[in-house]
Amino acid sequence: KGRLSLAGQTSTDPGTVDATATPGGSYLYVQTGANGIVDEYSVSGDNLTEIGSVTVAGAAGGEGIAAA
């Protein structure tokens with residue numbers, strides 16, 4: 001079993017409700033329910049690099065995200 005440890009902090013848009021990583025862990029997607037925004041990050045070791053974000057129509061207040 002692995003253990004989680006804080007390697008740093010990266011901010012997202014307000015109201016973070018869920019996050020998911022792609023298989024292999026190359027990308028992280030963070031759902032921010034307050035505004036219906038999904039933030040995208042590339043993952044390299046312990047580093048996250050913000051790629052961008054998209055507002056999902058009708059998603060404000062939603063919960064749940066998955067990556068394939």
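Tutor: We may begin with one idea: two residues are in contact when heavy atoms of theirs lie within 4.5 Å. Please keep in mind that this is a predicted model.

Student: Which residues does Asp39 touch, not counting residues up to four places away in sequence?

Tutor: Asp39 touches Thr12, Asp13, Leu28, Tyr29, Val30, Thr32, Gly52 and Ser53. With Thr12, the separation is 27 residues in sequence, while the two C-alpha atoms are 6.8 Å apart in space. As for Asp13, its backbone nitrogen lies 3.0 Å from a polar atom of the Asp39 side chain.

Student: Where in the chain is Asp39 found?

Tutor: Asp39 belongs to strand β3, which covers residues 37–44. The chain as a whole has four strands and zero helices, and its pattern along the sequence reads β-β-β-β.

Student: Why does Asp39 count as buried?

Tutor: A residue is called buried when its relative accessible area is under 20%. Asp39 is buried because its relative accessible area is 1%. Asp39 has no salt bridge. The nearest side chain of opposite charge, that of Arg3, is 29 Å away.

Student: Why does Gln31 count as buried, and in which strand is Gln31 found?

Tutor: Gln31 has a relative accessible area of 9%, and therefore it is buried. Its place is in strand β2, residues 27–32. Leaving aside neighbours within four places in sequence, Gln31 is in contact with Gly15, Thr16, Val17, Asp18, Ile37, Gly62, Glu63, Gly64 and Ile65.

Student: Is Asp46 buried or exposed?

Tutor: The term exposed applies over 50% relative accessible area. Asp46 counts as exposed because its relative accessibility is 68%. Asp46 is placed in the loop between β3 and β4. Its C-alpha atom is separated by 9.4 Å from that of Leu6, and these two residues are 40 apart along the chain.

Student: What share of the residues in the chain is buried, and what is the accessible surface of the chain?

Tutor: Of the 68 residues in the chain, 19% are buried. The accessible surface comes to about 4,800 Å², and carbon and sulfur atoms account for 49% of that area. The C-alpha trace spans about 35 × 20 × 20 Å along its principal axes. Among contacts between residues at least 6 apart in sequence, 33% join residues at least 24 apart.

Student: What is the mean pLDDT of the chain, and which element has the lowest mean?

Tutor: The pLDDT expresses the predictor's confidence in each residue. Its mean over the chain is 87, and 100% of the residues reach 70 or more. Among the elements, strand β1 (residues 16–21) has the lowest mean, 90, whereas β3 has the highest, 93. Strand β3 is also where Asp39 is found.

Note on methods. Residues are numbered from 1 along each chain as its sequence is written. This is a predicted model: local features need pLDDT of at least 70, side-chain atom pairs count only at pLDDT 80 or more; totals for chains, interfaces and linings use all residues. Side-chain values use heavy atoms; hydrogens and water are left out. Helices (H or I, at least four residues) and strands (E, at least two) are DSSP runs, numbered from the N terminus. Buried means under 20% relative accessible area, exposed over 50%, partly exposed in between (1.4 Å probe, protein chains only). A polar contact is a pair of N or O atoms within 3.5 Å; within protein, one must be able to donate a hydrogen and the other to accept it, and residues adjacent in sequence count only if both atoms are side-chain atoms. Accessible areas come from the Shrake-Rupley method with a 1.4 Å probe; for residues, only the protein chains shown count as cover. Lys and Arg count as positive and Asp and Glu as negative; His and the chain ends are not counted. A salt bridge is a side-chain nitrogen of Lys or Arg within 4 Å of a carboxyl oxygen of Asp or Glu. pLDDT is the predictor's confidence in each residue, from 0 to 100.
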